[in-house]
Amino acid sequence: MPATLFDKIWDPHVVADLGAGWSLLYCDRVLVHDLSGGRALQEVGEAGYAVARPELVFATPDHAVSSAPGRTSETFPTGAKLLAGLRRRAAETGVRLFDLGQDGNGIVHVMGPELGIVLPGTTLVCGDSHTCTNGGVGALAFGIGASELKHVLATQTLPQRKPKRMRVRFEGSAPEGVTPKDMILAAIGRFGAASGTGYAVEYAGSAVRALSVEGRLTLCNLSIEMGAKIGMVAPDETTIEWLKGRDFAPKGAAWEAAVAAWHALPSDEDAVFDRDLLIDMRDIAPQITWGTSPEQVLPITGNVPDPADAPDAEKRGAWEAALAYMGLTPGAPIIGTKVDWVFIGSCTNSRIEDLRAAAAVLRGRHVASHVTAWVVPGSERVKHAAEAEGLDAAFREAGFEWREPGCALCVAANGEAVPPGARCVSTSNRNFVGRQGTGARTHLASPAMAAAAAIAGAIADVRHFAA
Amino acid sequence: MDKFTRVSGAAAPMLRANVDTDVIIPIQRLVGTGRTGLGPYAFERMRYNKDGSDNPDFVLNLPQYRDSPILLAGPNFGCGSSREGAVWALMGMGFRAVLAPSFGDIFFNNCFQNGMLPIVLPEEVIGRIAAETEAAQGARHTVVDLARQVVVTPEGAEIPFAVDARKKEALLEGLDDIALTLRFKDRIDGWYAADRAARPWAWESVER
């Protein structure tokens, strides 16, 4: 029977059929972070259980740590308590911790693939909705809440219902200025923020095959903004080459066995998807969001929508509320909208390729004087790799602040925030009301688009900034 | 976990689409706090004026909905972040059931973990309950009866709803998921032993 990539990972991980459509699913890896990890480990013990398989659990502080240059774990005092808890519980339970400033530390969905903790064909969970990012290497990865995290730590399994299967194919080659971020934003804009609810999404097609692993991680990262807990890209030679030699990737004979197993993972030619969608790459231009849901997105050449043109009353109300919050004029071109902040970072777009793409736009240019521009590398390794290439200097010379790894302004849980009313072009994943700070106005875009906005001091078309 | 059997009260309408978990509870309220005490911060960016006073235009501040145990919501309610604090905050406000045309997947699961019942109903049914409630200015109650799997509208119509059989049992009995799963301990260990032999590559490099 033909099977999809998703089935080929899900089915062998079913420990028991629980009836009524439920399966007990084995979780090969668990990632925990400072916001909920310490407490989850503590609660397992308080409930009278032990951490089932501490060697399969990996911890990193990222959410509530300062990104300020020269930061320590004490710089953000509220976060310091969380980190202290994570350190204590990780030590007690024997969980590996990649502590602040240490090699391997970083945003949980950056460091996981980077260290080879997450592998093709494995299952991974984490108490963070962007766990879907890790599907970019061909893993089955999804985000869970605090109670499910406690459950998986105590049992190494989770009762789950099998989601339906969806495929989104991107065919053709990327037009100028179009990055993986633009691909996925365009898909969310076209199909809607709830279009993936109840599905595991596989991204396929020639344009996906052409992407680097970093690009595939970005693509999968926004699956949850389409409603899908799971996003995946089939492993191929690009994946295998990228993973080889990483810290927790298999070695020697085990590596050879792994590669053989991974070659069998891609969806069979005649595999059937419950929903199959197609996007022609020629239809995608660089994207920018205008509203407070990722589905409220435009090509950079577009105009701010007019609620009068909304398809129904519910959408009209949503558009009006979004426009009021964002301070935008219906019908006006989005390009040229004045920007106060630019943030390059997050589990979406903080990897080395993202930083290279932004730096390429910045070279020989300078950030507009009224713009505060931050770049927050995704991990210690990304930071050091970027510094070795001189990217930090390129950012600094252009007027960006070069900061320390963490989630920072994507989630504003670390005492850092975009001020009320300020407009920020951000490479992160959510433009929700208040996400980057109370009253902050977020426009999601690719790293190159963010760099272009920083230079122009306004929302700009990266294609006018060719290196 | 809290049991859920039957709740009754005025159903509060907040019917906009895509209400995300950042809107339900800002992350700053979840940094270093526990599961309790979050009720005052639920929807805080809509619920309060800048000076901290109640925003009289926010629907959940209307007197008839202040103690409502049932929230009527729009499509894709609870989308976004996996923060379980969104459920804790809603429960802290007194809600025990949310009725919506669709939910964010992770939020939907998180509800069941805490004795909160999320129910998927067609948009027009939710609109009808909202209209009937509003017509009676909140004086007529909606009933959510899990055992019978019906919602009784303010005017007395019985609307059946679907609920996952496993989740229904867990809610009615207040069962502990972990204890239930550990009944399969032998099979979990057996699965691992077999997989360790079949896929050594998945395990060797993380073993100590």
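Buried here means under 20% relative accessible area. In this predicted model, A:Phe58 has a relative accessible area of 0%, so A:Phe58 is buried.

## Around strand S4 of chain A

A:Phe58 belongs to strand S4 of chain A, which covers residues 57–60. Over all chains, the count of aromatic pairs comes to 19. The ring planes of A:Phe58 and A:Phe248 meet at 70°, with the centres 5.2 Å apart, so this pair is edge-to-face.

Leaving aside residues up to four places away in sequence, A:Ala59 touches A:Val32, A:Leu86, A:Val95, A:Arg96, A:Leu97, A:Phe98 and A:Met111. With A:Leu86, 27 residues apart along the chain, the C-alpha separation is 8.0 Å.

## Aromatic groups in chain B

What is the geometry of the aromatic pair formed by B:Phe43 and B:Phe58? The pair is tilted, with 5.9 Å from centre to centre and 50° between the planes. B:Phe43 lies in the loop between helix H1 (21–24) and helix H2 (44–47) of chain B, while B:Phe58 lies in the loop between H2 and strand S3 (70–73) of chain B, so the pair ties together parts 15 residues apart in sequence. Both B:Phe43 and B:Phe58 are buried. Elsewhere in chain B, one aromatic cluster is made up of B:Phe77, B:Phe103, B:Phe107, B:Phe108 and B:Phe112.

## Where the chains meet

The contact between the chains takes 76 residues from chain A and 51 residues from chain B. The size of an interface is often given as the accessible area lost when the parts come together. For chain A and chain B the buried area is about 5,200 Å², and carbon and sulfur atoms give 58% of it.

The rule finds four salt bridges across this interface. One of them joins B:Asp22 to A:Arg435. There are also 27 residue pairs in polar contact between the two chains. On the side of chain A that touches chain B, the elements that each supply at least two residues include strand S1 (14–19), strand S2 (22–26), helix H5 (146–155) and strand S8 (157–161). H5(A) gives the most to this side, with seven residues.

Charged groups also meet rings. B:Arg166 lies over the face of A:Trp22, and within chain A the charged end of A:Arg246 sits over the ring of A:Trp242.

B:Arg166 belongs to helix H6 of chain B (residues 165–173), where B:Arg166, B:Lys167, B:Lys168, B:Ala170 and B:Leu171 are buried. Which elements cover the buried residues of H6(B)? They include S1, S2 and S8 of chain A, together with helix H4 (105–112), strand S5 (117–120) and helix H7 (177–182) of chain B. At the start of H6(B), a side-chain oxygen of B:Asp164 comes within 3.0 Å of the backbone nitrogen of B:Arg166. After H6(B) comes B:Gly174, with a positive phi near 65°.

## A buried asparagine in chain A

A:Asn349 occupies the loop between strand S15 (341–344) and helix H12 (352–362) of chain A. Is this residue buried or exposed? With a relative accessible area of 2%, A:Asn349 is buried. Not counting residues up to four places away in sequence, A:Asn349 touches A:Lys181, A:Thr218, A:Ile344, A:Asp354, A:Thr427, A:Ala445 and A:Pro447. Its side chain makes polar contacts with the side chains of A:Lys181 and A:Asp354. A:Arg53, by contrast, is 31 Å away, C-alpha to C-alpha, and 296 residues apart in sequence.

| Pair | Kind | Distance |
|---|---|---|
| B:Asp22 and A:Arg435 | salt bridge | 2.9 Å between the closest N and O atoms |
| A:Arg246 and A:Trp242 | charge over ring | 3.7 Å from the ring centre |
| B:Arg166 and A:Trp22 | charge over ring | 5.2 Å from the ring centre |
| A:Asn349 and A:Lys181 | side-chain polar contact | 3.0 Å |
| A:Asn349 and A:Asp354 | side-chain polar contact | 3.0 Å |

Notes: Residues are numbered from 1 along each chain as its sequence is written. Chains are lettered from A and ligands numbered from 1 in the order in which they are written. This is a predicted model: local features need pLDDT of at least 70, side-chain atom pairs count only at pLDDT 80 or more; totals for chains, interfaces and linings use all residues. Side-chain values use heavy atoms; hydrogens and water are left out. Rings of Phe, Tyr and Trp (its six-membered ring) pair if their centres lie within 6.5 Å; planes under 30 degrees apart count as stacked, over 60 as edge-to-face and the rest as tilted. Helices (H or I, at least four residues) and strands (E, at least two) are DSSP runs, numbered from the N terminus. Buried means under 20% relative accessible area, exposed over 50%, partly exposed in between (1.4 Å probe, protein chains only). A charge sits over a ring if NZ of Lys or CZ of Arg is within 6 Å of the ring centre and within 35 degrees of the ring normal. Contact means heavy atoms within 4.5 Å. Buried area is the accessible area (1.4 Å probe) that two parts lose on being put together, summed over both. A salt bridge is a side-chain nitrogen of Lys or Arg within 4 Å of a carboxyl oxygen of Asp or Glu. A polar contact is a pair of N or O atoms within 3.5 Å; within protein, one must be able to donate a hydrogen and the other to accept it, and residues adjacent in sequence count only if both atoms are side-chain atoms.
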